[in-house]
Each structure stands twice: as structure tokens, then as C-alpha cells.
Amino acid sequence: MESITGIEIYPLISLIIFFSFFVILFWWVITAKKDYINMVSNIPLDNQNQSEL
């Protein structure tokens, strides 16, 4: 790996992408509306009840 020129930038890019993803995800979780969270959390239960009919 040391013989490849310019390879030292890839770990930095990976860290920036990883950090950005989790910061955006954390921001979305904090700002999400509680009604939306409750609706989405009930989707598996709603689908199960409909398949039994």
C-alpha cells in the first residue's frame, strides 16, 4: 500500500462519509415528528393483520 501514490486520501474520505452519514441520521431522528415515527412503527403490525383476513 505504501507504493501507491495518493492512497492516503482514501481513509480520510471514508471517515468524512461515515461521520457525515451519522450526523445527518442523528439530525433526522431528533427532528422527526412523533406521529410519523408512530405510524411507521405500526406498519409491520398493520400488514400482519391484513394478511390474516
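Of the 53 residues in this chain, 2% count as buried. Buried means under 20% relative accessible area, exposed means over 50%, and partly exposed is in between, with a 1.4 Å probe and protein chains only. The accessible surface of the chain comes to about 5400 Å², and 70% of that belongs to carbon and sulfur atoms. These areas come from the Shrake-Rupley method with a 1.4 Å probe, and for residues only the protein chains shown count as cover.

A word on the source. This is a predicted model, where local features need pLDDT of at least 70 and side-chain atom pairs count only at pLDDT 80 or more, while totals for chains, interfaces and linings use all residues. Residues are numbered from 1 along each chain as its sequence is written, and side-chain values use heavy atoms, leaving out hydrogens and water.

pLDDT is the predictor's confidence in each residue, from 0 to 100. The chain has a mean pLDDT of 86, and 87% of its residues reach 70 or more. Confidence is highest in helix α1, residues 9-31, at 95, and lowest in helix α3, residues 43-52, at a mean of 69.

Now the elements. There are 3 helices and 0 strands, running α-α-α from the N terminus on. Helices (H or I, at least four residues) and strands (E, at least two) are DSSP runs, numbered from the N terminus.

What forms the nonpolar patch on the surface? Its members include Phe-18, Trp-28, Tyr-36 and Ile-43, and together the patch residues have about 1200 Å² of accessible area. A patch takes residues with over 30% relative accessible area and no salt bridge; like charges are joined within 9 Å, and nonpolar side chains (Val, Leu, Ile, Met, Phe, Trp, Tyr) within 5 Å. A salt bridge is a side-chain nitrogen of Lys or Arg within 4 Å of a carboxyl oxygen of Asp or Glu. Helix α1 gives the largest share of the patch, 7 residues, and α1 and α2 (34-41) each supply at least two.

Next, the rings. Rings of Phe, Tyr and Trp (its six-membered ring) pair if their centres lie within 6.5 Å; planes under 30 degrees apart are stacked, over 60 edge-to-face, and the rest tilted. By this rule there are 3 aromatic pairs. In one of them, Phe-21 and Phe-22 sit edge-to-face, 5.1 Å centre to centre with 80° between the planes. Phe-21 is partly exposed at 49% relative accessible area, and Phe-22 is partly exposed at 41%. Phe-18, Phe-21 and Phe-22 form one aromatic cluster.

Last, Thr-31, in helix α1. Thr-31 is partly exposed, at 44% relative accessibility. A polar atom of its side chain lies 2.9 Å from the backbone oxygen of Trp-27.

Key: Polar contact = N/O pair within 3.5 Å; in protein donor to acceptor, adjacent residues only side chain to side chain.
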